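Please open the structure in a viewer and keep the selection tool at hand.

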Amino acid sequence: MQQRQVAIHIDQVSMCFGQGAEQVTALDSVSLDILENEFFTLLGPSGCGKTTLLRLIAGFEQPTSGHLQLYGQRLEGTLPFQRPINTVFQSYALFPHLTVAKNIAFGLEMQKKPQNEIDATVEEMLALVKLKGFANRRPHQLSGGQQQRVALARALANRPKVLLLDESLSALDLKLRKEMQVELKRLQRETGITFIFVTHDQEEALTMSDRIAVMSGGVVQQVGAPADIYDRPVNRFVADFIGETNFLNAVVVTDGFDLGKLGTLPYPVSKLGLGSKVTLALRPERLCFSEDGLPGVVENVVYMGTDTIYHISLQDQPGMHVRLQNDYGAQAAYQIGNSVKVGVLADSIRVLED
């Protein structure tokens, strides 16, 4: 398989705002390679630096230090309109007085493209975003999802090398948002354009991305495929931010982990230092109830339709959640106040060193 080119190279980029005691570091020595024809997501809580990084790629801001490259060409000093990079904003920013067709054609008209080429491109984009027949409508006559599609068509019309999407689904209701997640991935796959997507929604990132960069405090915590991020988090922040995770405090002993009053949890610890303190990360859906598990008491039972979540209290440890899929017509296996034992398989444990 041919190795893909690096579309965006980010090398030790830092971004600071303000001066002296009021200086805020939005990005701290961030380095990333984003590949051509990749759906890449910057994921993290508000204020983590993801939108700042997107603005640097777009050219709306200049880095305090470090540099960025687009297919090997330095971007510093290049104005936004000089970069083959387009941005779809959260607000869509459609021109309310223009028709759908004129909105899509706007960038091409600014470039003084021939009219026959503009008309052909508009038709192509309308078909791509499944809005044939909407050419003469105006933005106020469209639903939120249709406006989103027009914004995408306008951004894709001049065939940028990179498309930036800044929280561009957050204004949609849940059902439409899920539909647009599928549509965005389809568009990226069909156009072959590198998409860089910013979101704080973990499920959204896992659903659409080829790779994800998890950010916190202006620092990239982990980069990887969705399955790597979810199943093999490198630290507690990533484990806690992506999905739901249980944490147990443990000490490494010869035959596993000492959990205090809960006893010892068997585990092959040959690569871990005896006596070292670690945190065990356990996904709720990887747990079960068994005859020889960790003893606890059911504190709460939450029926979720497809699943039931059991909140379990444990001696001398944080509580745990166990998530079990529901069988048709079955009742909850345990009730509040029941004594249970939580089964933990060795391959479901992720060890995070303190």
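## Stop 1

A search of the whole structure, which is a predicted model, finds zero disulfides. Select Cys 48 to begin: this residue is in no disulfide, and the nearest cysteine sulfur, that of Cys 16, is 16 Å away. A disulfide is a covalent bond between the sulfur atoms of two cysteines. Is Cys 48 buried or exposed? Cys 48 is buried, with a relative accessible area of 1%. Select Cys 288 next; this residue counts as partly exposed, at 31% relative accessibility.

## Stop 2: Helix H1 and the residues after it

Select residues 50-58, which make up helix H1. How many of the nine residues of helix H1 are buried? Seven of them are, so that the helix is mostly covered. The buried residues of H1 are Lys 50, Thr 52, Leu 53, Leu 54, Leu 56, Ile 57 and Ala 58. Move on to Gly 59, which follows H1 and has a positive phi, near 100 degrees.

Now show the side chains of Arg 55 and Glu 61. They meet in a salt bridge, with an N to O distance of 3.5 Å. Arg 55 is partly exposed, having a relative accessible area of 32%. Glu 61 also counts as partly exposed, at 23% relative accessibility.

## Stop 3

Side chains of opposite charge can pair when their charged atoms come close. How many salt bridges does a search of the whole structure find? The search finds 17 salt bridges.

Select Arg 177 and Asp 201, whose side chains meet in a salt bridge of 3.8 Å, N to O. Arg 177 belongs to helix H5 (residues 174-191), while Asp 201 lies in the loop between strand E8 (194-199) and helix H6 (202-208); the pair therefore ties together parts that are 24 residues apart in sequence. Arg 177 is buried, with a relative accessible area of 12%, whereas Asp 201 counts as partly exposed at 22% relative accessibility.

Stay on helix H5 and select Arg 186 and Glu 190. Their side chains meet in a salt bridge, here at 3.2 Å from N to O. Both residues lie in helix H5, four residues apart, which is about one turn of the helix. Which residues belong to the network formed by salt bridges that share partners? Lys 130, Arg 149, Glu 183, Arg 186 and Glu 190 are joined into one network in this way.

Keep Arg 186 selected and display its surroundings. With a relative accessible area of 11%, Arg 186 is under the 20% cut-off and therefore counts as buried. Leaving aside residues up to four places away in sequence, Arg 186 touches Leu 128, Val 129 and Lys 130.

## Stop 4: Aromatic pairs

A pair of aromatic rings is described by the distance of the centres and the angle of the planes. With ring centres within 6.5 Å taken as the rule, the count comes to nine aromatic pairs.

Select Phe 95 and Phe 106. The centres of their rings are 4.6 Å apart and the planes stand at 50 degrees, so the pair is tilted. Phe 95 is found in the loop between strand E6 (85-88) and helix H2 (100-110), and Phe 106 in helix H2, so the pair ties together parts that are eleven residues apart in sequence. Phe 95 is partly exposed, with a relative accessible area of 27%, and Phe 106 is partly exposed at 29%.

Select Tyr 310 and Tyr 334 next. Their ring centres are 6.3 Å apart and their planes are at 80 degrees, so this pair is edge-to-face. Tyr 310 lies in strand E16 (residues 307-314), and Tyr 334 in the loop between strand E17 (320-325) and strand E18 (339-343), so the pair ties together parts that are 24 residues apart in sequence. Tyr 310 is buried, with a relative accessible area of 2%, but Tyr 334 is partly exposed, with 27%.

To end this stop, select Phe 39, Phe 195 and Phe 197, which form one aromatic cluster.

## Stop 5: Charges over rings

Select Arg 236 and Phe 247. The charged end of Arg 236 sits over the ring of Phe 247, 4.0 Å from the ring's centre. Finally, select Arg 283 and Tyr 230: Arg 283 lies over the face of Tyr 230, at 3.9 Å from the ring centre.

Conventions: Residues are numbered from 1 along each chain as its sequence is written. This is a predicted model: local features need pLDDT of at least 70, side-chain atom pairs count only at pLDDT 80 or more; totals for chains, interfaces and linings use all residues. Side-chain values use heavy atoms; hydrogens and water are left out. Rings of Phe, Tyr and Trp (its six-membered ring) pair if their centres lie within 6.5 Å; planes under 30 degrees apart count as stacked, over 60 as edge-to-face and the rest as tilted. Helices (H or I, at least four residues) and strands (E, at least two) are DSSP runs, numbered from the N terminus. Buried means under 20% relative accessible area, exposed over 50%, partly exposed in between (1.4 Å probe, protein chains only). A charge sits over a ring if NZ of Lys or CZ of Arg is within 6 Å of the ring centre and within 35 degrees of the ring normal. A salt bridge is a side-chain nitrogen of Lys or Arg within 4 Å of a carboxyl oxygen of Asp or Glu. Contact means heavy atoms within 4.5 Å. A disulfide is a pair of cysteine sulfur atoms within 2.5 Å.
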